[in-house]
Amino acid sequence: MRLCRGLASAAVAVACVTALPYVSHAGVPAGEDTEPPLFGATCRIDVTGSRVTAHCHNPYPDPDRVSLHVECVHWWDLDSDGAAVEAGPAQTVRLTGRCWDEVRSAWVSHLRGS
């Protein structure tokens, strides 16, 4: 009797594990996309001394408004937030910024274009 219960429990566990991948999409109506649309330029940031250059390439059909932000090391050296530049579909843009002395960090922000 105990052997039958053990086999029954194992069979139920195997059935649950194999059915889980199919159950996770059961609530999505046919034809609706569950993935958000792809968006966002890929950016490469280079820091050379006190100068920052970012090259951003947008491989997607929606425009991406990218902006370079530079944080300087010293309190007296002004941080900067660059103007937004639109990177259209399959377009590469170049953004530049600088500190007077040393760069602490630099990053690019993204905003959906119009």
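The link of Cys72 and Cys99 is left-handed, with -95° about the S-S bond, and its sulfur atoms lie 2.0 Å apart, a disulfide being a pair of cysteine sulfur atoms within 2.5 Å. Cys72 lies in strand 3 and Cys99 in the loop between strand 6 (91-98) and strand 7, so the bond ties together parts that are 27 residues apart in sequence; strands (E, at least two residues) are DSSP runs, numbered from the N terminus. The structure is a predicted model, in which local features need pLDDT of at least 70 and side-chain atom pairs count only at pLDDT 80 or more, whereas totals for chains, interfaces and linings use all residues. Residues are numbered from 1 along each chain as its sequence is written, and side-chain values use heavy atoms, with hydrogens and water left out.

Cys72 is buried at 4% relative accessibility and Cys99 is buried at 1%, where buried means under 20% relative accessible area, exposed over 50% and partly exposed in between (1.4 Å probe, protein chains only). The count comes to two disulfides. The other bond joins Cys43 to Cys56 (S to S 2.1 Å), linking strand 1 (residues 42-48) to strand 2 (residues 51-58) across 13 residues. The torsion about its S-S bond is about 115°, so this disulfide is right-handed. Cys43 is partly exposed at 26%, while Cys56 is buried at 0%.

Strand 3 (residues 64-72), of whose nine residues seven are buried, pairs in the antiparallel sense with strand 7 (residues 103-112) over nine bridges, pairing requiring at least two DSSP bridges between two strands. Arg65 stands opposite Leu111 in strand 7 and opposite Glu86 in strand 5.

Key:
Helices (H or I, at least four residues) and strands (E, at least two) are DSSP runs, numbered from the N terminus.
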